[in-house]
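Keep the sequence and the model side by side as you read.

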Amino acid sequence: MGTKIRNLRKRNRLTMEDLSARCIKIDAESAPSVSYLSMIERGKRIPSEDVLEVIANVFQKNVEWFLDDIPEEDAITPSKGSGGGINGMALEPNFLFSKDILQIAIPEMLSQTGTSGRQFAHLLIRAHQEHHQNHFPDLERAAEEVGLKRLPLSLDDLVAITKHMGLQIKWFRKTPLTVVQEIGTHENNVVTSFFDPPNTIYINQIMKTQPQRLKYNLAVHIGHAVLHDKDGLKNILVTGRNEISPLQAKNTKIQSSGMDAQDILFAWRDFECSFFAGALLCPKVPFRHMLDRNGYEINTAKLAGVSESVAMRRMTAASPYPHWHYFDAYAPGKLKAVYRGNGIPLPWGNMSLVEDPCHHWAVFRKINEASTGSSAQISILNVADEPRIYACESVKVQDLAGNSHVLCSGIDLNPAIAAQGRDAIAIANDLKQACVKGGGSSHIPKNIKKDLMSVAKILNINWVERGIDSDARLICSRGAVCPRSPSCYQQCRER
């Protein structure tokens, strides 16, 4: 019995603390402590009926399954392979990857595609982030040492941290001309704050009405001070469409198509400070437990005292389930921020503006909806000729410049289905065929709904359950491979 419980826990990537917390959520009186769970898994204790029933509820198993005589393997360890992001593969001929060839080819490629060196550097770093599925323990530890794992951190707490670090805060109403010239802002942008060496943080007065965003700004500047020792770089934060990333300090207005070391340096610092800020405001273990208690609802952001954007991005790092994606989209089809730890293909290009994105993607569909609040969706998308089931939750928000945009957090359900011993590809294919017969969407058949609902309860993500109660939708990453019959794009041409 202990081996079965341990294997289930490992297969679902839960620590003993996670499992104990999940049991407390179901039945606080019968829930086992961490130490008692440890003894059960090692065969030192036999759980009571009530305790076993709670554990069975967490993993959606019958109590009898734990009591039969069918042995389990001694141990199950989740595969640490790159389940998402960019998967490398050996290619021939090797000369194509020689240093000299790449040094010639990369600037030429950037020049022909109109991609700046800094944009390409951000793409490389995002690929690195996706490959590691948002696991950066050094940055987590640095943030925890500063914030002491407190959740939530109040605005007063963050101001106290800045003072302790020898930083002072000043306010401005109009962005200084020197800052505007450095970053080339326009009417859709608002400069929210900037760090002026050696020790001054300047904050826009408008932020006084936006405490959650103000906290994030302070956390980014604290990260710059901690990680980069308050060096001479003018750290500038901007919100709005075509947002200028932080730490862009040298002639950002005029972007070269070449690649130099500063592009990589500044892009990496952008990422470091942003990740640090999220880890400071939402420390991993306390935030994971908060998410678990609240079923990963987006309104958990209010409990943590952060914006929806920070909370949704931190879900991808704090959750024990690694197969996440996150999008931030502006109309009509601009992806400003992207994370794909589950390898989901980018809809319509690499963060570029397109006029005709697949309007069945939840993140783009939500842009054109008048409804408020969040919405859940189950989607089926072919990836490498195999159907995959995705669940996501989307919410429409406004930036400080008054621009509406949609945040979307989602997961790949196939690995969760497979972890329960079910044929994920077969289930996804059956759901896809049901949607094809329905002209592109369909109620989820009862047998599939049962499998998905069981997985949703194990993952403890409420919006997966809400998505299951609605129609599933076929989506595509390119119009040329639209799975609908007739395709959306054929229908548009006919109209």
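Leucine 381 has arginine 388 as its bridge partner in β8. This is a predicted model, so every position here comes from a prediction. Further along, serine 375 stands opposite serine 394 in β8. Together, β7 and β8 pair in the antiparallel sense over ten bridges. The two strands form a hairpin, with two residues between them. Alanine 384 sits in that turn and has a positive phi of about 55 degrees. Strands of a sheet pair through backbone hydrogen bonds, either parallel or antiparallel.

In β11, alanine 472 is the bridge partner of isoleucine 378. β7 is mostly covered, with seven of its ten residues buried.

Seven strands form an open sheet, and their order is β6-β5-β9-β8-β7-β11-β10. The pairing is mixed. At the edges lie β6 (334-340) and β10 (441-442), each of which pairs on one side only.

Return to isoleucine 378. Which residues does isoleucine 378 touch, leaving aside its neighbours within four places in sequence? Its contacts include Ile389, Tyr390 and Ala391. Leu413, Leu431, Ile444 and Val464 are also among them.

In soluble globular proteins, nonpolar side chains tend to be buried together. Here the largest nonpolar core has 73 residues. Those that touch the most other members are Trp324, Ile378, Ile389, Ile411, Leu413, Trp463 and Val464. Helix α11 (residues 211-228) gives this core its largest share, seven residues. A second, separate core has 21 residues, including Ile367, Cys408, Cys476 and Cys482.

Four elements each supply at least two lining residues: β5 (324-330), α16 (362-365), β7 (374-383) and β8 (386-398). Is the lining charged or nonpolar? Nine of its residues are nonpolar, three are polar and none is charged.

Proline 345 lies in the loop between β6 and α16. Is proline 345 buried or exposed? Proline 345 counts as buried because its relative accessible area is 19%, and the cut-off is under 20%. Beyond its neighbours within four places in sequence, proline 345 is in contact with Arg340, Trp361, Leu381, Val383, Tyr390 and Ser477. Leu381 is the residue where this walk began, bridged to arginine 388. Serine 477 is 132 residues from proline 345 along the chain, yet their C-alpha atoms are separated by 6.4 Å.

Finally, take in the whole protein. The chain has 21 helices and eleven strands. Of its 495 residues, 51% count as buried. Consider the contacts between residues at least 6 apart in sequence: 67% of them join residues at least 24 apart.

How values were computed:
Residues numbered from 1 in each chain as written. Predicted model: local features only at pLDDT ≥ 70, side-chain atom pairs only at ≥ 80, totals over all residues. Heavy atoms only, no water. Core = buried A, V, L, I, M, F, W, Y, C linked by side-chain atoms within 4.5 Å. Buried < 20%, exposed > 50% of the residue type's maximum accessible area, 1.4 Å probe, protein only. Contact = heavy atoms within 4.5 Å. Nonpolar A, V, L, I, M, F, W, Y, C, P; charged D, E, K, R; others polar. Pairing = 2+ DSSP bridges.
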